[in-house]
Amino acid sequence: MKFAVIGHPIEHSLSPLMHHANFEALHLDYHYQALNIPPEHFQHIRDIAVEYDLDGFNVTIPHKERIIPYLDTMTEEAQAIGAVNTVLIKDNQWIGHNTDGLGFVKGLIDHYGDLHNAKILIIGAGGASKGIAYSLSQQSKHLVAVANRTMSRFDNWQFEVQPYHLSDIDNIANQFDIIINTTPVGMHASTDQVVALKQLKKDVLVCDIIYIPAETAFLKSAKARGYRTYNGLDMFIYQGAESFKFWTSKEANVEVMRQCVKNRLYS
Ligand code: ATR
């Protein structure tokens with residue numbers, strides 16, 4: 001079978017490495033490649049998929065919404081989130097799915113345990129936040145809280161969350177068991193923090209979906225104050241594992257995928 005990730009730019013994607021590690025571990029003669037498709041060529045996406053004989057592909061920045069008009073159907077998750085990161089091509093039918101939120105939540109459950117009673121606060125209300133909030137809202141009995149600096153971002157959300165303005169965070173943060181930064185603040189070499197968290201619950205888990213660097217300033221400051229922390233590496237691994245499952249109905253070897261990405265990034 002043949003797979004790809006389409007994005008622009010795409011040369012730094014670790015998805016080919018990660019998926020090939022999984023194929024090898026499962027003794028599958030499959031192939032996965034990165035395809036750089038600029039927005040002005042996107043209208044040819046169906047021809048491109050035929051040319052590369054794809055059975056499925058991942059979609060990344062900046063095409064997660066742009067892909068939607070080219071699909072035949074979408075899963076419930078993808079519809080609710082309004083963005084697609086995985087496409088299955090079967091009998092010339094294109095089925096759009098979203099594994100980003102599910103990926104984060106799978107990793108979080110491994111790390112934290114059952115989420116049913118957890119009160120969760122998400123910082124940021126962009127595409128990544130929406131996927132995570134949707135998947136979390138399927139797990140926790142509490143309404144998921146989302147804090148953002150621009151309240152109009154919540155206008156087109158198709159499922160219920162508890163919206164807050166980012167400036168309210170000091171008043172509410174100590175109610176939550178899990179706090180997740182989904183904004184890009186702190187990525188790469190930046191030492192910025194989206195907010196400086198003040199009083200928190202003693203056993204709170206502070207998360208960041210960023211995994212480059214392994215520890216953002218947000219996580220560093222939480223750790224320095226004795227809180228548990230969790231980065232976004234598992235989200236990347238599990239979104240890939242869930243895409244693989246969507247394409248093949250097989251379970252991925254998550255351990256092998258995680259190890260090869262960790263070796264590439266952190267050693
Ligand atoms: P993604 O798809 O990666 O989630 P996005 O859709 O552009 O990216 O969303 C980025 C999110 O990070 C938004 O919630 C954005 O807040 P606004 O809606 O107010 O723009 C948030 N964000 C980005 N930079 C930020 C900053 N410096 N401080 C606070 N929030 C920030």
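Predicted model: local features only at pLDDT ≥ 70, side-chain atom pairs only at ≥ 80, totals over all residues.
Figure 1. Domain 1 comprises residues 2–98 together with 234–266, whereas domain 2 spans 101–231. Contacts between the two involve 15 residues of domain 1 and 19 residues of domain 2.

**Figure 2. The interface of domain 1 and domain 2.** About 1600 Å² is buried between the two domains, and 61% of this area is on carbon and sulfur atoms. On the domain 1 side, the residues that lose the most area to domain 2 are Ile81, Met235 and Tyr238, which together account for 36% of what that side buries. One salt bridge is found across this interface.

**Figure 3. The largest nonpolar core.** This core has 28 residues, and those with the most contacts inside it include Phe104, Leu108, Ile122 and Leu136. Val146, Ile178 and Ile180 also belong to that group. At least two core residues are supplied by each of α3 (76–81), α4 (100–112), β7 (120–123), α5 (127–137), β10 (178–181) and β11 (205–208). Helix α5 gives the largest share, four residues. Domain 1 and domain 2 both contribute residues, so the core lies between them. In soluble globular proteins, nonpolar side chains tend to be buried together.

Figure 4. Beyond its neighbours within four places in sequence, Leu108 is in contact with Gly113, Leu115, Leu136, Ile178, Leu205, Cys207 and Tyr230.

Figure 5. The structure holds zero disulfides.

**Figure 6. Thr75 in its loop.** Thr75 is placed in the loop between β4 (73–74) and α3. With a relative accessibility of 16%, Thr75 counts as buried. Not counting residues up to four places away in sequence, Thr75 touches Gly96, His97, Asn98 and Phe246.

Figure 7. The whole structure contains 10 salt bridges. Side chains of opposite charge can pair when their charged atoms come close. Lys223 pairs with Glu215 at 2.9 Å, N to O; Lys223 is partly exposed at 48% relative accessible area, and Glu215 is partly exposed at 25%. Lys245 and Glu251 meet at 3.0 Å, N to O. Lys245 is partly exposed, with a relative accessible area of 29%, whereas Glu251 counts as exposed at 55% relative accessibility.

Figure 8. The side chains of Arg258 and Glu255 form a salt bridge of 2.8 Å, N to O. Both residues lie in helix α9 (residues 254–266), three residues apart, which is about one turn of the helix. Arg258 is buried, at 12% relative accessible area, while Glu255 counts as partly exposed at 47% relative accessibility. Asp234 joins Glu255 and Arg258 in a network of salt bridges.

Note on methods: Residues numbered from 1 in each chain as written. Heavy atoms only, no water. Core = buried A, V, L, I, M, F, W, Y, C linked by side-chain atoms within 4.5 Å. Buried < 20%, exposed > 50% of the residue type's maximum accessible area, 1.4 Å probe, protein only. Domains from an automatic or database assignment. Contact = heavy atoms within 4.5 Å. Disulfide = S-S within 2.5 Å. Buried area = accessible area lost by both parts, 1.4 Å probe. Salt bridge = Lys/Arg side-chain N within 4 Å of Asp/Glu carboxyl O.
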